[in-house]
Amino acid sequence: MLNNKTILVTGGTGSFGNAFTTYVLGHYNPKKIIIYSRDEYKQFLMGNKFKEYGNVLRFFVGDVRDRDRLYRAFDGVDYVVHAAALKQVPACEYNPMEAVKTNIDGAMNIVDAALDCRVKRVVALSTDKAVNPINLYGGTKLVSDKLFIAANAYSGEKDVRFSIVRYGNVAGSRGSVIPYFQNIIDHGGASLPITDYRMTRFWISLEQGVELVIKALMEARGGETFISKIPSFKITDLAQAMLPGCTMPEVGIREGEKLHEVMVTREDSAHTYEYEKHFIVYPHYNWWGEQNIISGGKPVEPEFEYSSGTNTQWLGVEDIQRLLLTDLDGH
């Protein structure tokens, strides 16, 4: 499906963008991959990393806040993956208007540009923090999700579909707990602080995240939220896997932080279908019909909730150690 297509990735110099580019170049023959981001130095580094694909990769310096620049970048684009966002919870709390401009205004600009430039598919990356949000970052991503889902009602006769892919912190990505722990270990630390001993998280690798985005690009009919079925782990087990025998002082949960990641709420269970490797939350608007339900799934039980704290799949210390080697190359 991606062969001979032009794909644009906003925020494309980040962890996801690099993994997505690697995956697409390794599995398909795209006509062009456009990396759209603000940091020209990261684009320079990424260009060197993929220099053998210089005939395929293009780099646009631009901000999703800049509507005119997006229109220029979207010219001739078939598929858009929207990964750009302000993601750091404390930074968003301290700079709320900046988070709104990027995460909400930027989403509206993506929608408008995709509709007017006749892009065929748009997949926007979401987060568990958009589910029952308790911080500004989660609030802005909830609004962003709603904008992309509602955009399907404005497509008219255009062949464009908007969908969402939702997951939590990707293992090893910038800002996640693994690099934080690793930095302490690299500097000789023997103690890894735990915010709350009860805390759990989902484990998803960058490649799994990329594969779910590819699935959404291929299968989405408009308005779906795709969520991977993945295992959970305890933060205390992660600490022991990374530094066996370490002390783990409990330092208290941070502002805006949750004990568990929730991907599907009980309120959404009435519109959620389970598939072999993922869930899909379908929209419930009058412009959407049940004929758009993708085959192969079944409705979840009433009051179903998909939470890292009540998951049926769990990773132990040895499982985490193995995944640290296979998913993160030991880093």
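**H9 and H10.** I started with helix H9 (residues 235–242) and helix H10 (residues 317–326), which pack at an angle of about 60° with axes 8 Å apart. That makes H9 oblique to H10; my cut-offs are under 35 degrees for roughly parallel, over 145 for roughly antiparallel, 65 to 115 for roughly perpendicular, and oblique for the rest. Axes here are lines fitted to C-alpha atoms, for helices over the stretch in contact, and angles run from 0 to 180 degrees between N-to-C directions. Helices (H or I, at least four residues) and strands (E, at least two) are DSSP runs, numbered from the N terminus.

On the H9 side I listed Asp-237, Leu-238, Gln-240, Ala-241 and Met-242, which meet Val-317, Ile-320, Gln-321 and Leu-324 of H10; contact is heavy atoms within 4.5 Å. By class, the H9/H10 contact has six nonpolar, two polar and one charged residues. For the classes, Ala, Val, Leu, Ile, Met, Phe, Trp, Tyr, Cys and Pro are nonpolar, Asp, Glu, Lys and Arg are charged, and the others, Gly among them, are polar.

**Ground rules.** I noted that this is a predicted model, so local features need pLDDT of at least 70 and side-chain atom pairs count only at pLDDT 80 or more, while totals for chains, interfaces and linings use all residues. Residues are numbered from 1 along each chain as its sequence is written, and side-chain values use heavy atoms, with hydrogens and water left out.

**H7 and H9.** H9 also packs with helix H7 (residues 177–186), at about 40° with axes 11 Å apart. H7 and H9 are therefore oblique to each other, and their crossing is right-handed. Val-177, Ile-178, Phe-181, Gln-182 and Ile-185 of H7 touch Ile-235, Leu-238, Ala-239 and Met-242 of H9.

**H1 and H8.** Next I checked helix H1 (residues 15–27) against helix H8 (residues 206–219): the axes come within 9 Å and cross at roughly 70°. H1 and H8 are therefore roughly perpendicular. H1 passes H8 in a right-handed crossing. Among the residues in contact are Phe-16, Phe-20 and Tyr-23 of H1 and Leu-206, Val-210 and Ile-214 of H8. The H1/H8 contact divides into nine nonpolar, two polar and two charged residues.

**Sheet.** I traced an open sheet of ten strands, order S3-S2-S1-S4-S5-S6-S8-S12-S11-S13, with mixed pairing; strands pair if DSSP finds at least two bridges between them. S3 (57–61) and S13 (298–299) are the edges with a single partner strand each, so one side of each has no neighbour in the sheet. S11 (residues 272–274) and S12 (residues 278–281) run antiparallel, joined by three bridges. Tyr-273 has Ile-280 in S12 as its bridge partner. Helix H2 (residues 40–49) lies across S2 (32–37) and S3, at about 175° to S3.

**Salt bridges.** How many did I get? The count comes to 14 salt bridges, taking a side-chain nitrogen of Lys or Arg within 4 Å of a carboxyl oxygen of Asp or Glu. I looked up Lys-120 with Asp-78, where the closest N and O atoms are 3.2 Å apart.

Terms used:
A crossing is left-handed if the near helix is turned anticlockwise from the far one by less than a right angle, and right-handed if clockwise.
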